[in-house]
Amino acid sequence: MTVSTADAASAPPDQSPGGHPQRWLILAVICLAQLTVLLDNTILNVAVPSLAREMDARTADIQWMINAYSLVQSGLLLTAGSAADRYGRKKLLVAGLALFGIGSFAASLAQDPGQLIAARAGMGIGGALLMTTTLAVVVQVFDEDERAKAIGLWGAVSSLGFAAGPLIGGTLLEHFWWGSIFLINIPVALLGLVAAVWMVPESKTPTSDRPDLLGALLSTVGMTGIVFAIISGPEHGWTSDRVLLSAFIGVTVMAGFALWERHIPHPMLDMHFFRNRQFVGAVTGGILVAFGISGSLFLLTQHLQFVLGYDALGAGLRTAPMALVIVVLNLTGVGARLLPKLGTPVTIAGGMVLLAAGLAAIATLGAHGYGGTFFGLVVMGSGIALAMPAMANAIMSAIPPEKAGVGAGVNGTLTECGNGLGVAVLGAVLNSRFGALLPAVATGAGSLPAALAAARTPEDREAVADAFASGVETSQLVGAAAVLAGGVVAALLLSRAERSSRETPAA
């Protein structure tokens, strides 16, 4: 890693045994920026009724309001990571905070769906810069001894942001208008901007070769196509022209991106990373953990509202134990202390087994009450607190420090894909099982509210509710099986990688 002359005084001194002397304050800044970005992945969901009423928004408008942010963000992650490595991680962190704040302000003032969609897309650009630079800066300012703990705290804040979005959004909407869910980002972005300029050291990997502009274009188009297909599948059908065309374009362009990156002297993403078993094992685990978390929360919030009868805020509060367990375990450093004792393969496998067990517990014990769900969420949170920091650390350790931004981009991109796949696949399992078990009077209903409206007797309504509960149970068990299988695969790949690294010096 090289550091620009202007920032040399603030760069991490080589003689510091733990990394940069202000590393924990820098981590606090990083976590603040990360929290803001991840809140906006989920905070808008609770505002859908208000937006539909006050903007006269159609269903398609609502979908684009929600998806514009994640679509732009996921499409740009690899490009943003590469740009951060080349031009400066601090510069792009500051740019990301500024763009995110400006986009939030524009979103709060939107007068029609088109304006809000455009503002959300702008926020997605800022979010892509922040998602890559935050983790890359953590890698730069912490040494190997403390990096696992720092990534654990970074992961805890990520989980908190994902789970707290509906809670914060619901609270704001009870007292203010819908624009308040965006205005709350502005003071946080300003505080992060000032702190980043003041404290975060600049680091970059300047090269004399030309920027990989074609690689950036291909990765952006390809990832956007794939994520768009994943987002559109549940709504429009997996065999619809929209989904098939988007998936074909995305996969084809990403294949072209891989070929291009293999045949140029200075690639944006070195495809040889995927020959590294440690990297592949950690990536596999990361995708399936994201798959399990996002799919489970998608199903669980519906079950809590539609079957157990809680309102939106009540359902959000009842999903909070998982995030709280993650935060507590990572703040106390449990995962960071266990990682060197157990080793990366065992830590990741153990965490994913706990995550799978939590999903299974929710499926089997939480069908008719909250007690079993609470137990499952606590177990899930324990597993995530172990597995996610270990996987992020494994991914970043498998990539040279000068490519930290690209590594963070890969981590973020694959997590976004896992999130989308979790909702899409488990949602499809739910719909299939639910439709198969509906009573005759509600046959063909596409949702639980529609099926309940078609039910004519209390017995029919009870049968509809039972069909939905059974669909949720089946979906959660499918998610548990996928996470468990991923844990086994990840552990095997990581174990082989460790054996190979031990054997290589002696060869």
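What share of the contacts with a separation of 6 or more is made by residues 24 or more positions apart? I looked this up first, and the value is 81% for this chain. A reminder to myself: this is a predicted model.

**Whole chain.** I went through the secondary structure next and found 18 helices and zero strands. The chain has 507 residues, and 55% of them are buried. For the accessible surface I got about 21,000 Å², with 66% of that belonging to carbon and sulfur atoms.

**Cores.** I then checked the nonpolar cores. The largest has 76 residues, and those touching the most other members are Leu-51, Leu-116, Val-138, Phe-182 and Phe-279. Helix α5, residues 113-141, gives this core its largest share, at twelve residues. There is also a second, separate core with 42 residues, among them Ile-293, Leu-297, Ile-326 and Leu-339.

I had a look at Phe-279 on its own. Leaving out residues up to four places away in sequence, Phe-279 touches Phe-273, Phe-274, Ile-395, Ala-398, Ile-399 and Val-410.

**Trp-154.** This one sits in helix α6, which covers residues 144-175. Is Trp-154 buried or exposed? I noted a relative accessible area of 9%, so Trp-154 is buried, the cut-off being under 20%. Its contacts beyond four places in sequence are Ile-30, Cys-31, Gln-34, Thr-134, Leu-135, Val-138 and Asn-411. Val-138 was already in my notes as one of the residues that touch the most other members of the largest core. I also compared Trp-154 with Pro-389: they are 235 residues apart in sequence, but their C-alpha atoms are 8.1 Å apart in space.

**Asp-460.** I found Asp-460 in helix α18, residues 458-503. Which side chain of opposite charge is nearest to Asp-460? I got Arg-456, at 6.2 Å. A salt bridge needs a distance within 4 Å, so Asp-460 has none, although Asp-460 is buried. Setting aside neighbours within four places, Asp-460 is in contact with Pro-439, Val-441 and Ala-455.

**Helix α4.** My last entry is on residues 89-108, which make up this helix of 20 residues. From first C-alpha to last I got 29 Å, close to the expected 28 Å. Then I listed the buried residues of α4, which include Leu-92, Leu-93, Gly-96, Leu-97, Phe-100 and Gly-101. Charged names turn up there as well: Arg-89 and Lys-90 are also buried. For reading such a list, I keep in mind that an α-helix has 3.6 residues a turn, so residues three or four places apart point the same way.

Key:
Residues numbered from 1 in each chain as written. Predicted model: local features only at pLDDT ≥ 70, side-chain atom pairs only at ≥ 80, totals over all residues. Heavy atoms only, no water. Helix = DSSP H or I, 4+ residues; strand = E, 2+ residues; numbered from the N terminus. Buried < 20%, exposed > 50% of the residue type's maximum accessible area, 1.4 Å probe, protein only. Contact = heavy atoms within 4.5 Å. Areas by Shrake-Rupley, 256 points an atom, 1.4 Å probe, with all protein chains shown as cover. Core = buried A, V, L, I, M, F, W, Y, C linked by side-chain atoms within 4.5 Å. Expected span 1.5 Å × (residues − 1).
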